[in-house]
Amino acid sequence: MGKKYQAAKQRVQSPSYPLREALELAKTTSVVKFDASVDLAVRLGVDPKHSDQMVRGSVVLPHGMGKTVTIVVFAKGDKEREAREAGADHVGAEDLADKITKGWMEFDRVVATPDLMGLVGRLGKILGPRGLMPNPKTGTVTFDLARAIREIRQGKVEYKVEKAGIVHVPVGKASFEVAKLHDNAQSILDSIIKAKPAAAKGTYFRSVSVSSTMGPGIKVDAASIERPAS
């Protein structure tokens, strides 16, 4: 670890912080020259190996992500036209799948109409590991392409619990005001609470932390943010 990181880490002096204070610290402990992302990591009391304990979902962040997102849409006919009019960056079907198969990956999100999921499914080994596979649960497999594209542009993020029981989600940029980061983070946490599986027992939020890109992790007082879903 470099000197900047060590100096930033020394500023994290408490075992845990309220969410707003943790986000402020994440902003001020950014060690990179570019506008770093601020990320949220939540370790859940679930076992993703069991299908009834899988946690995944999506949420439109109140203040967006602060980044330009490149959107790919798999659609044909009238839906292709709808996607283009709604502002999709790349739209196609077999031609688009062939391009991706040959190594093109210059995009951030993928949306598809249900009738083309057979085609998109063949790209599972490419899109899946990168978290880009469309899914009806996150609104990216839909005939309402205009809405899907609009929500992504507005800052819609998706999350899915990993094998270790951890959810990683970006909440914004270090240049954001703390209030905006807090609103975004709270929206994500509320969504994760609402996505709690009925099969999950015991403590749901095992630990929560925030960090900037390449910055130190800052533990959040989980008891101060977990609350019943409304």
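Ser 191 is found in helix 8, residues 178–194. Helices (H or I, at least four residues) and strands (E, at least two) are DSSP runs, numbered from the N terminus. Ser 191 is buried, at a relative accessible area of 13%. Buried means under 20% relative accessible area, exposed over 50%, and partly exposed in between, with a 1.4 Å probe and protein chains only.

The model is predicted: local features need pLDDT of at least 70, side-chain atom pairs count only at pLDDT 80 or more, and totals for chains, interfaces and linings use all residues. Residues are numbered from 1 along each chain as its sequence is written, and side-chain values use heavy atoms, with hydrogens and water left out.

The protein chain has eight helices and nine strands. Its radius of gyration is 19 Å, close to the 17 Å that the globule rule gives for 230 residues, so the chain is as compact as a globular protein of that length. The radius is taken over C-alpha atoms, and the globule rule is 2.2 Å times the number of residues to the power 0.38. Along the principal axes, the C-alpha atoms fill a box of roughly 55 × 45 × 30 Å. Of the 230 residues, 46% count as buried.

Empty space was examined next. Rolling a probe the size of a water molecule over the atoms shows where such space is left. The search used a 1 Å grid over the protein atoms alone. A cavity is a set of points where a 1.4 Å probe fits but cannot get out; a pocket is an open set with protein on both sides within 12 Å along at least five of seven lines. Lining residues have an atom within 4 Å of a point. Grid points are joined across faces, edges and corners, and a volume is the space filled by probe spheres set on the points.

The largest pocket has a volume of about 840 Å³. Its lining counts 32 residues, and Arg 109, Arg 130, Gly 131, Leu 132 and Glu 158 lie nearest the centre. Strand 6 provides the largest share, five residues. By class, the pocket lining has 12 nonpolar, nine polar and 11 charged residues. Ala, Val, Leu, Ile, Met, Phe, Trp, Tyr, Cys and Pro count as nonpolar, Asp, Glu, Lys and Arg as charged, and the others, Gly among them, as polar.

The structure holds one cavity of 30 Å³ or more. The volume of the largest cavity is about 30 Å³. Asp 108, Arg 109, Val 110, Gly 131, Leu 132, Met 133, Pro 134, Thr 140 and Glu 158 line this cavity. They divide into four nonpolar, two polar and three charged residues.

Rings of Phe, Tyr and Trp (its six-membered ring) pair if their centres lie within 6.5 Å; planes under 30 degrees apart count as stacked, over 60 as edge-to-face and the rest as tilted. The count comes to two aromatic pairs. The ring centres of Trp 104 and Phe 107 are 5.1 Å apart and the planes are at 45 degrees, so this pair is tilted. Both Trp 104 and Phe 107 are buried. The rings of Tyr 204 and Phe 205 have centres 5.4 Å apart and planes at 25 degrees, so the pair is stacked. Tyr 204 is buried, with a relative accessible area of 2%. Phe 205 is buried at 2% relative accessibility. Lys 99 lies over the face of Trp 104, at 4.3 Å from the ring centre. A charge sits over a ring if NZ of Lys or CZ of Arg is within 6 Å of the ring centre and within 35 degrees of the ring normal.

Met 214 is found in the loop between strand 8 (205–212) and strand 9 (218–220). Met 214 is exposed, with a relative accessible area of 63%. Its phi is near 65 degrees, a positive value in a residue other than glycine. Most residues other than glycine have a negative phi. Gly 217 also has its place in the loop between strand 8 and strand 9.
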